[in-house]
Amino acid sequence: MKPVRRGGFSEIPIWANLLASPASYLMLVAFVATAAAKWYSAQGLEPPPGISSLAAAVRLDALLFLGLTVVFALIESAGRWLWLLTWPTVLAVASLALANALYLGMAGQQGNWRSVAELLERRDDALMIVSEMLAQRSSVGPAVLLFVALAIPLVVRWNLVRSRTGARSYRHHALVRAACAGALFAVVALFGIGLPGARSMAARNLERNGLIEVVTTGIASRSSPETVEFSGWHPPKVVAAHDIAELRRSAARPNLLIFILESTRFDYTEIGNPLSRAKTPHLVRLRRTGLFVPRMRASVLHTTKSLFTMFCGRLPMLQPDYFEMAGSAELQCLADILSEAGYRTAFYQSAQGTFESRPRLIDQFGFGEFMAGEDLKSPRVGYLSFADDGLIAPSLDFLTRESADERPFLLTLLTSAAHHPYRLSDRLIEQAQQEGLNPETESARYARIVQEQDRILGVLLRALDDAGLLENTIVLATGDHGQAFGRRGLKGHDSVFYEEGLRVPFVLSGPGVPRADVKRNASLLDVMPTLLGLLGIRDGDEILPGRDLLDFDASSDAEPQFFSCHDSARCNGLVIGSKKVVRSPDNDEVWYFDLEHDPGERESLPVTSELEASVEALTGIVSAHTTRAIPKMYRVVDRYPPWVCPRGTWLCTHPNAEQDSTSRLRSARPFEALRVAHAGGGYNAQAYTNSYQALNRSVRKGFAYIELDFSFTSDGHLVCIHDWDESFTRAFGFVTETAPTLEEFESIVANTAKLENCTLAGLARWMRENPSATIITDVKERNIAALAIIAEQLPDAGTRVIPQIYQPANFGTVKALGFESMIWTLYRYRGNTREVLAHVQEFEPPFAITMDKRRARTQLPMKLARLGTHIYVHTVNDPEEAARFQTENGVTEIYTDFLDP
């Protein structure tokens, strides 16, 4: 390889131009990261791919990134400053490629436009999941591999750049880069033609490129027709009022216990596989005494969506959107019906309740009680999971109350530990060690958790038996969806259309349930009509898409059973007899598996003419349950204290969520509305002192929130004083025409003032000495600049400083500085009530609103309160006036100089 010399600079190999240019270097980094992610995903495949298959998997990536390198280099060659255009574009492309590589490693599939949109919308959830993965030892190897893969070209580039010897910086000629990249493109294209095409579905998935998937699915989503009306849930009522009244009058109303095993696949239980590593004797017991459905499948591969199919009997929205929990989605669900019939209803889950705002969904179902991981006394075992045995105590308490009450009950329990990352509690780790097991792999830990779920089911069955309730209790144990571990390329469950993702355990036992095996295909849509049938209600047979599993004559194995990925554009399909039709709209592919002759689903077959009608039916089902235009109005949910679900945002909060370092959305915590000490708080009958003496008094009196005024000195430092006019004169006894420097201010305070005003450095020390205090800022001039300084210099500013903003446009800017909470003060805002309410519904919680007394006497506080917003009024020093604002005007708390908390 011959070196090339450029105008007085050190000689370097011509190919090194691809590393020494930022644009081409980033394209190389994008390719290396993509190739590393594909290699990592391929390691879990059975059988693992060979060298030629791996080469085929990355040929499209190589061609894409080399082609982009040529394009960017040619653009830069046309003008010296065109790098201002190419570099931002290159950075965006490389960032997207790196994000897709991470997604591919996590989920085993390429990203698309909707996954990018969901990632941006739920970025805190994504960061939580990534943090969990990085904390696992199993992720260390891939992380090191990726780091090395990215570091090698970086080291080479650094050595190349530092080797230059000219007086000005070295610039590689863009045409040389284009020629080098073009030559490599030709080589890859020439040799790539001869590589064999992928035979398996998993290998075909690896051969795709995430950037192309994002672009093509984005174009498709923009050009798709917009469905104005969501037509999937008509009519909304399933059971007539007279049938509910008849059930209420019945003397033989059975209880219902529904035990939902999170992410539990059929073949990891003994009812699905007698040789399973997970021992599930209680599922086996229920199978022997009741109804067993071996071919039960999830309808939608996501917990929230799957719960909806079970409890509302309808297909949910078939896209990554949660209209199901919006107040505008009005329909009748199982708990609604039973509550009206006099049942006590409760839904307990060990999963974190803030994840996907579960209280909203449970409220939509009609349950009277709700508890989640934040309410339980059990250790966390994942980014959204708490140990499942924490469900035992509240469940036993509920059953005890119910037996005393003598009213029938519907108790639903949802486990969570079998969800990724399959982390074992300390008790399960110790138990495994005692049994000589070493659950290091994900699947081994998963099996232990499935076994633990069965143990908990056994505890509840014994409790029902001991209380004399078991004979009159219908017990249903089932799963919400399955789980995959990468054997076919896919991981998790959201897009696993194979049987390990779809098939779930299903056993039903109790009064009126025959001992039988249902051999036909079934889906979780059958849960609600089956339970209603056991209660003597059959109104929904013609309305609900599911069927009563006990009504064998009306069931045919030829009846199609629908299923869908979390995002139906990823996959959807029908199971008809032994044939499973799978459609991938994103990739414009349709195929089927012959489950009778190919139970392992190794060979995908082209759809036959007799199955074409099923494909058309799929299109109609998906169209009826998707839309790009649908109003989501979130109402207040307040019947599950201490859960708070305010109007206008889907987020729900819990006071215990903030105590957990891995909890979802720290910004979604409720704003804790405490009384505020105004301007440091009053001291010796003086207000606006902003002094250490006032700060210390406020802390002694129990204030946790202390507002302070800040002003800039002439040399750009922040000090605690309201202004350089009246406040300065009142504090120091003389007039200043201009703001002093920081040094002058400190000298004035030391020699003139009776009280000691704080500086920012002094305030930082004071905050370390008083960890209970939170500072609320009031900066009249250059507020954003001041908050940027405060964010850097005050300890734990993100959590211990609450900025006040004066205009709604500042909300996002200040949030980006890292502050967790915020207060919008209205005294400088000239907008009307309608405009205030509109802005508040766009803000991300936690935040509060503060206003003067005049505005607090209008209807604005009451309207804000209905949105779940905390309201302050300033400044109030009369106790009766404070009480009137809180009782008559809906104000939450006050700013005050002298009214102690």
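The model is predicted, and its cavities of 30 Å³ or more come to three.

**Stop 1: the second largest cavity.** Select Val381, Ala387, Asp388, Asp389, Ala417, Arg423, Ser425, Arg427, Leu428, Ile449 and Glu452, which line the second largest cavity. Next, show helix H17 (426–434) and helix H18 (442–466), the elements that each give two or more residues to this lining. Colour the lining by class: five of its residues are nonpolar, one is polar and five are charged. Among the charged residues of the lining are Asp388, Asp389, Arg423, Arg427 and Glu452, while Ser425 is the polar one.

**Stop 2: the largest cavity.** Move on to the largest cavity, with a volume of about 270 Å³. To centre the view, select Gln109, Asn205, Arg208, Phe497 and Asn587, the closest to the cavity centre of the 21 residues in the lining.

**Stop 3: classes around the largest cavity.** Keep the lining of the largest cavity on screen and colour it by class. Seven of its residues are nonpolar, eight are polar and six are charged.

How values were computed:
Residues are numbered from 1 along each chain as its sequence is written. This is a predicted model: local features need pLDDT of at least 70, side-chain atom pairs count only at pLDDT 80 or more; totals for chains, interfaces and linings use all residues. Side-chain values use heavy atoms; hydrogens and water are left out. On a 1 Å grid over the protein atoms alone, a cavity is a set of points where a 1.4 Å probe fits but cannot get out, and a pocket is an open set with protein on both sides within 12 Å along at least five of seven lines; lining residues have an atom within 4 Å of a point. Grid points are joined across faces, edges and corners, and a volume is the space filled by probe spheres set on the points. Helices (H or I, at least four residues) and strands (E, at least two) are DSSP runs, numbered from the N terminus.
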